[in-house]
Amino acid sequence: VQLQASGGGLVQAGGSLRLSCAVSGRPFSSRVMGWFRQAPGKEREFVAAIRWSGTITYYADSVKGRFTISGNNAKNTVYLQMNSLKPEDTAVYYCAATKAYYSDSNYYTSSTGYNYWGQGTLVTVSS
């Protein structure tokens with residue numbers, strides 16, 4: 001499975017961006033798609049996740065109400081719509097995929113639960 005993230009860029013505070021993550025290789029081997037981010041000098045943190053099989057989604061408290069994760073099975077692509085961006089959203093954003101479903105949903109909010117990672121795309125929010 002290969003993941004290709006795109007859509008990052010420079011935006012002013014209050015603006016919007018949409019990130020995309022295209023899945024190739026063996027896309028049906030992935031079960032849950034997630035977005036993580038890592039700001040300079042900080043650890044990688046969970047942003048959002050979605051199950052391919054349905055509409056169950058997970059969000060970090062810091063992005064709830066501002067970010068929306070969605071998936072297009074036909075295009076094997078997952079999106080992260082980011083609205084009302086803040087300078088503290090500045091980070092490299094990574095998409096990731098799991099090989100399996102977990103009974104404990106906490107695995108979807110931890111980077112250790114993911115098996116495949118894409119390269120990052122930089123999001124910079126200016127104040």
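Modeller: We shall go from the overall fold to the aromatic pairs of this predicted model.

Colleague: Which secondary structure elements does the protein contain, and how many?

Modeller: One begins with the count of elements. The protein has 11 strands and zero helices. Its radius of gyration is 14 Å, close to the 14 Å that the globule rule gives for 127 residues, so the protein is as compact as a globular protein of that length.

Colleague: How much of the protein is buried?

Modeller: Burial is read residue by residue and then totalled. Here 43% of the 127 residues count as buried. As for contacts between residues at least 6 apart in sequence, 56% of them join residues at least 24 apart.

Colleague: How many aromatic pairs does the structure hold?

Modeller: Rings are judged by the distance between centres and the angle between planes. The structure holds seven aromatic pairs. One of them is the tilted pair of Y58 and Y108, at 5.3 Å centre to centre with 45° between the planes.

Colleague: Which parts does the pair of Y58 and Y108 tie together?

Modeller: Y58 belongs to strand β6, whereas Y108 sits in the loop between β9 and β10, so the pair links parts 50 residues apart in sequence. Buried means under 20% relative accessible area, so Y58 counts as buried at 16%, and Y108 is buried at 0%.

Note on methods
Residues are numbered from 1 along each chain as its sequence is written. This is a predicted model: local features need pLDDT of at least 70, side-chain atom pairs count only at pLDDT 80 or more; totals for chains, interfaces and linings use all residues. Side-chain values use heavy atoms; hydrogens and water are left out. Helices (H or I, at least four residues) and strands (E, at least two) are DSSP runs, numbered from the N terminus. The radius of gyration is taken over C-alpha atoms; the globule rule is 2.2 Å times the number of residues to the power 0.38. Buried means under 20% relative accessible area, exposed over 50%, partly exposed in between (1.4 Å probe, protein chains only). Contact means heavy atoms within 4.5 Å. Rings of Phe, Tyr and Trp (its six-membered ring) pair if their centres lie within 6.5 Å; planes under 30 degrees apart count as stacked, over 60 as edge-to-face and the rest as tilted.
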